[in-house]
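Please read them with the coordinates open.

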Amino acid sequence: MDWTRILTNVLGEMLAPTTAAYALAAVGLNIHFGLTGLLNMGQAGFMLLGAYGFAIATIAGWPIWGAVLVAIAASALFALLLGIPTLKLRGDYLAIVTIAAAEIVRLIGRSTALTSLTGASSGLRGDSYKTTFQNLSPFPTGTTTIGPFSYSNNFSNSWWIRLVGWAIVLIACLFVYLLIRSPWGRVLKGIREDEEAVRSLGKNVFAYKMQSLVLGGVIGAVAGIVYVMPRAVQPDSMGRPMTFFVWTILLLGGAATVFGPVLGSIVFWAGLMLIKSVMRDGVSDSFISSGQIEQLGWVIVGVTLMLLVIFRPQGVLGDKKELAINVR
Amino acid sequence: MSAEPTPIDFRSAAARDLQFVERTPGAVKPDPILVADSVTRHFGGIAAVDVAHLEVQRNAITALIGPNGAGKTTLFNLITGFDRPSSGRWTFEGRSLAGVAAARVARSGMVRTFQLTKALNRMTVIENMRLGATRQPGENMFAALVPPLWQPREREITAQAEELLARFKLLDKRDDFAGSLSGGQRKLLEMARALMSKPTMIMLDEPMAGVNPALTQSLLGHIQALRDDGTTVLFVEHDMHMVRHISDWVVVMAEGAIVAEGPPDSVMKDPAVIDAYLGAHHDTDLGDDSLLEDEPTASITGKDAP
């Protein structure tokens with residue numbers, strides 16, 4: 001077995017733009033679930049809207065900041081539309097509505113009626129919206145090799161998107177760090193515990209829940225932009241499984257913590273890569289085909305996560321004490 | 001409130017003012033802080049609450065009692081905006097509060113607690129307390145990002161919270177999670193938290209439910225202390241004995257309506273009350289008086305039963 005190659009793969013996965021995008025999406029979901037207790041089962045919908053918003057606006061000739069604003073506005077509007085009817089109801093309704101709404105976004109995106117705008121099920125080609133972002137790069141054209149990693153400076157799966165993606169993740173973490181310690185974060189945690197009690201103390205619970213939904217959704221939309229930067233906008237690759245991966249990452253790292261979502265994303269994708277690489281190298285083709293390895297990788301990840309949630313429900317960084325209290 | 005510089009003795013003031021109030025349901029009070037008219041709440045065909053007229057005297061402890069299912073908590077929920085009435089109107093300090101959202105009711109100075117304690121379990125005691133405070137600019141999302149904007153107020157809030165915690169003997173639990181407190185301590189915490197906003201009126205829903213007898217006496221003391229500081233207290237209870245120890249005025253509900261009103265000593269002798277409690281539930285235990293100081297056990301279950 002070639003361990004150098006396996007470890008290189010795993011390390012590469014840790015720093016990949018996809019890992020950053022998922023970390024960012026989980027930071028957004030952490031504001032929903034970890035801080036406010038909102039069960040948003042449609043984070044992929046926010047990401048897809050962000051990706052569409054950015055790509056379509058760029059294709060229409062908007063500058064990059066305008067396209068980012070379009071993505072943010074689209075996701076904020078989506079959050080408002082979802083929240084107005086559902087935030088007054090009990091938590092589980094939000095879960096049902098958000099998962100359905102995310103599916104609606106995906107199905108509308110892939111419908112043939114919108115082919116001219118969204119490219120229907122084949123999506124939008126990466127080249128059509130990447131140029132504005134790549135032109136911002138201070139690096140010269142070419143390829144740079146650092147250690148075992150060799151990526152293009154600016155194009156697609158580049159050093160540039162890695163740098164920007166992880167910088168945004170860090171800024172989002174700082175943002176959450178400030179909010180989680182503020183009186184605003186305290187009200188959200190109160191709502192997570194018991195919204196009637198918070199209401200009885202004179203706080204407008206609906207407004208706080210709406211702010212949380214919009215803020216987490218906007219971060220999700222930015223994650224969507226980072227996610228599509230090294231690839232194409234493909235509605236079917238941003239469906240329910242994506243939402244569940246984001247949830248898994250959040251619970252793995254530890255909800256209601258600052259760096260939990262980031263660590264969760266790194267561990268999740270590195271772990272998956274490790275399992276798949278080891279199986280590809282170590283198990284003979286006659287026993288399991290490479291297609292089956294892909295599937296089996298997910299199975300093993302699933303089992304590992306089940307064990308983790310059973311034996312360490314607070315996640316890697318979560319506070320055991322905070323979770324251990326028997327909430328009736 | 002009066003503008004006199006000398007502290008007012010609210011206890012004797014309440015007794016004096018209520019002395020001449022008629023002992024009939026819906027009696028007019030000399031200085032009502034809360035006035036409710038024809039408040040009804042129907043659940044299907046059942047009228048859970050049907051109150052024709054109710055006035056609550058300012059700076060006094062008013063107890064709202066009645067057998068289980070009398071509609072006490074429902075009336076509470078209606079007045080505090082946690083439930084919508086089928087009909088009715090009410091004013092608090094002269095302002096109409098009918099149809100006003102619960103959070104705005106609380107901000108207008110009427111703060112409530114709950115029958116099933118709502119301590120925020122996965123938050124520390126001090127964070128629970130801070131949440132009760134008002135006028136914290138850091139509760140705005142954008143201001144929250146700039147700590148210098150809210151830290152001075154946070155220090156004031158913390159000092160106020162610690163003072164209240166000391167009064168309720170919870171200061172040594174300051175940094176514990178609220179979920180780790182005992183049931184009685186959670187009741188105390190909930191009451192202390194409600195006081196953070198310095199309410200003019202506090203509504204306590206069964207403050208004694210589930211509290212161990214050792215804490216009962218101190219809880220009663222706290223409720224009296226609130227009145228003595230000039231806060232109006234309205235509380236729901238179905239243990240009549242406890243009510244007698246601390247309340248200045250008692251309102252009795254049965255089957256959704258107010259059936260009697262009066263000072264605690266005389267209201268217990270009202271035939272309508274005896275009927276409400278003993279007529280329908282003559283085998284109900286009305287509570288254990290022996291743990292409280294003051295007079296000996298049960299004048300009601302013993303002597304007054306027909």
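1. At roughly what angle do the axes of helix α3 and helix α11 of chain A cross, and within what distance do they come? The axes of helix α3 (residues 43-59) of chain A and helix α11 (residues 205-228) of chain A come within 7 Å and cross at roughly 60°, where axes are lines fitted to C-alpha atoms, for helices over the stretch in contact, and angles run from 0 to 180 degrees between N-to-C directions. That makes α3(A) oblique to α11(A), since angles under 35 degrees count as roughly parallel, over 145 as roughly antiparallel, 65 to 115 as roughly perpendicular and the rest as oblique. Helices (H or I, at least four residues) and strands (E, at least two) are DSSP runs, numbered from the N terminus.

2. This is a predicted model, in which local features need pLDDT of at least 70 and side-chain atom pairs count only at pLDDT 80 or more, while totals for chains, interfaces and linings use all residues. Residues are numbered from 1 along each chain as its sequence is written, and chains are lettered from A, with ligands numbered from 1, in the order in which they are written.

3. The residues joining the two helices include Phe46(A), Leu49(A) and Phe54(A) of α3(A), and Gly217(A), Ile225(A) and Tyr227(A) of α11(A); a contact requires C-beta atoms, placed from the backbone, to lie within 7 Å. By class, this contact has 13 nonpolar, six polar and no charged residues, with Ala, Val, Leu, Ile, Met, Phe, Trp, Tyr, Cys and Pro counted as nonpolar, Asp, Glu, Lys and Arg as charged, and the others, Gly among them, as polar.

4. Chain A holds 15 helices and two strands. Its radius of gyration is 20 Å, close to the 20 Å that the globule rule gives for 328 residues, so chain A is as compact as a globular protein of that length; the radius is taken over C-alpha atoms, and the rule is 2.2 Å times the number of residues to the power 0.38. Along its principal axes the C-alpha trace of chain A spans about 60 × 50 × 35 Å.

5. Of the 328 residues of chain A, 49% count as buried, that is, with 20 or more other C-beta atoms within 10 Å of their own, the C-beta atoms being placed from the backbone. In helix α9 (residues 183-193) of chain A, eleven of the eleven residues are buried, so this helix is largely enclosed by the rest of the structure; among them are Trp184(A), Arg186(A), Lys189(A) and Glu193(A).

6. The contact between the chains takes 27 residues from chain A and 29 residues from chain B. On the side of chain B that touches chain A, α3(B) gives the most, with four residues.

Notes. Buried ≥ 20, exposed ≤ 12 C-beta atoms within 10 Å, placed from the backbone.
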